[in-house]
Amino acid sequence: MNEYEKKDTDINLSDLELPEDLRKLSLKQCENLCGKIRDMLISTISNNGGHLASNLGVVELTMAIHRNFSSPEDKIIWDVGHQSYVHKILTGRADRFSTIRKEGGISGFPKPEESPHDIFIAGHSSTSVSVACGIAEAMKLQGKDNYTIAVIGDGAMTGGMFYEAMNNAGRERKSNLIVILNDNDMSISRNVGALAKHLTTLSNSEQYISTKKNVKDTLNAIPVFGKPVAKGIKTTKDAVKYKILDQSSLFENMGFIYLGLVDGHNLSDLEKIMKKAKYYHKPVVIHVKTKKGKGYPPAENNPGEYHGISKFDIETGNPEVSADKCYSTVFGRELVRLAERDDRICAVTAAMKYGTGLQFFSKRFPKRFYDVGIAEQHAVTFCGGLAKMGQIPVFAVYSSFLQRSYDQLIHDISIGKLHIILCIDRAGVVGEDGETHQGIFDVPMLTSIPETVIYSPSCYDELKLCMKKAIYTNKNLTAIRYPRGAEEVNFNRDYLNTEYLFMRNNKSDTLIITYGRLYNEAYKAQGVLNEEGINCDILKLTKIYPVDRDIITEIMGYKHIVFFEESIGNGSISEKFGCRLAESGYTGDYSRVTVENYVRQASVKSSLEKLGLTCGKMAEYIRKRYMTYGKT
């Protein structure tokens, strides 16, 4: 009897050496810990924001994995990585969990530099099986007999990369690769009913396997008629199984052994099926049924809204900031207004209806709304098909996720001169989600595609103007990029437009150029500098690409030009301005402040401050520049 077996069920995480001590606990003790972990998730995420529903749904599953596998020797890969919070708690980070998603704290996604238990970065979905397949093969080459476990949500199965990896992984029959399909009602559950659950539970029992073998052996021993009868029974069984259990047939045809369906909140059942999976030493799929938001009624009743949530009140479930006050919802409501007048407008999302504000459109125009799943590549080409037939497709997508569709934007949209509108949410710095989710690469990506038009509004009203312009004026690939969260406006709204705006002072020889939400920071910096006697003009871009050559001619007379840009510097708009100025023979002082590397997790305000893109930092930069070159 070990030290924990003597105790009652009231074990605390702080009492344990994790994850090793989990294997010393009784099921009852583990179930008690699961309750405490749920309380920790709800309490922490209510203060920090983050991914709540998905993590509440995998508490028992994560517990079972760590009780039956030996991390980090056994490699656990999470897909998508936002469901790894419980994994972090159970691998020695419970005492730091209150810092999750905070600057200097632990990440909301797996991060190898944070812990040896975090095997691979996973900010985007559908990648885990590819990673696991490579790791499993490498361990086999190195003579290691450890297991590789890919935990993938059923929503991630909508991504084509998952099937590419499964097709490749199943060909290698001798591999300690286990794919755990976390089925939480997001896509495939409707295909599996009560009869399927009964049959799979039965088929995975030892008694069933033993009986099946005995019947087969007995029939094969009967002369003449035995083998044909046995073959006929198998053919009939497979046909029925294919009709009822299309999931198992799919995976088995790919070369995997299929085990399931198992209750993902029953520790005993989970442990039995994991032990069985380990026995095969072949690629195995374990099909687990979980409930998103398990244990917190607001999240259970509305898992989509609690997928990724800001701070919220635990008692009521209400978020700290009203969803009515952000760019996403302004976009969503304006698209409905436009679509009421034009039945050609269609809305497309890649499994982010609520995150992009398209819930309003889906309710008002369900026949013109398309959620294609986690499949950004397909979404773009699907939009191309709609456009080819005269529809006006609007694809609302996070900047970070748009990166996955670069080939389709070039090959399937731009070359064919098809008119689709990309409404790029979370453009620029997004804050606490860290490196994998920052929207700092869409500008260089899109500006490399010929004839693309890009708008970057500075407030809600300008967003509405840009949407109308993008839909009805442009003819080719058009993008509108806007940040996460609410607008901040200190400037005069009377001068909004879809092209560009000069704010001039008399006899100023210094020009600030910027766009998007940074215009508000530049506007405030201009006021500060003017009070100090440093006169600055501002050029605010709304249509940021292509670069208007008339603008280049107009700014050639300034002696000092500085461009502040919330984008990676290589391939940025500021870089293109610099090239145009050089080509035109500009001899003045041109400089730019941009993002130069991946942006780590922190609040948006803190990140922009470090990047030199806040009002104070802009003023400081120009002040030093002014002093360096002298007043002229």
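**Close-up views of a predicted model**

View 1. Helices here are DSSP runs of H or I with at least four residues, strands are E runs of at least two, and both are numbered from the N terminus. This is a predicted model, where local features need pLDDT of at least 70, side-chain atom pairs count only at pLDDT 80 or more, and totals for chains, interfaces and linings use all residues. Residues are numbered from 1 along each chain as its sequence is written, and side-chain values use heavy atoms, with hydrogens and water left out.

**View 2. Helix α15 from end to end.** Let's check the length of α15, residues 376–388. (The expected span is 1.5 Å times one less than the number of residues.)

**View 3. The buried side of α15.** Glu-376, Ala-379, Val-380, Cys-383, Gly-384, Leu-386 and Ala-387 are the buried residues of α15. They cover an arc of only 165 degrees around the axis, so they sit on the same side of α15. That arc is taken from the directions from the helix axis to the C-beta atoms. "Buried" means under 20% relative accessible area, "exposed" means over 50%, and "partly exposed" is in between (1.4 Å probe, protein chains only). What do these buried residues pack against? Their partners are strands β6 (345–349), β7 (369–371) and β8 (392–398), plus helices α16 (399–402) and α17 (406–414).

View 4. Lys-543 belongs to strand β15, residues 543–545. Is Lys-543 buried or partly exposed? Partly exposed, with a relative accessible area of 25%. Skip its neighbours within four places in sequence, and Lys-543 still contacts Val-453, Ile-454, Tyr-455, Thr-498 and Glu-499; contact means heavy atoms within 4.5 Å. Tyr-455 is 88 residues away along the chain, yet the C-alpha atoms of Lys-543 and Tyr-455 are separated by 4.4 Å.

View 5. The protein has a mean pLDDT of 89, and 87% of its residues reach 70 or more. Over residues 187–200, though, pLDDT is below 50, and this stretch has 26 contacts in the model beyond near neighbours in sequence. Residues 239–245 also stay under 50, with 11 contacts beyond four places in sequence. pLDDT is the predictor's confidence in each residue, from 0 to 100.
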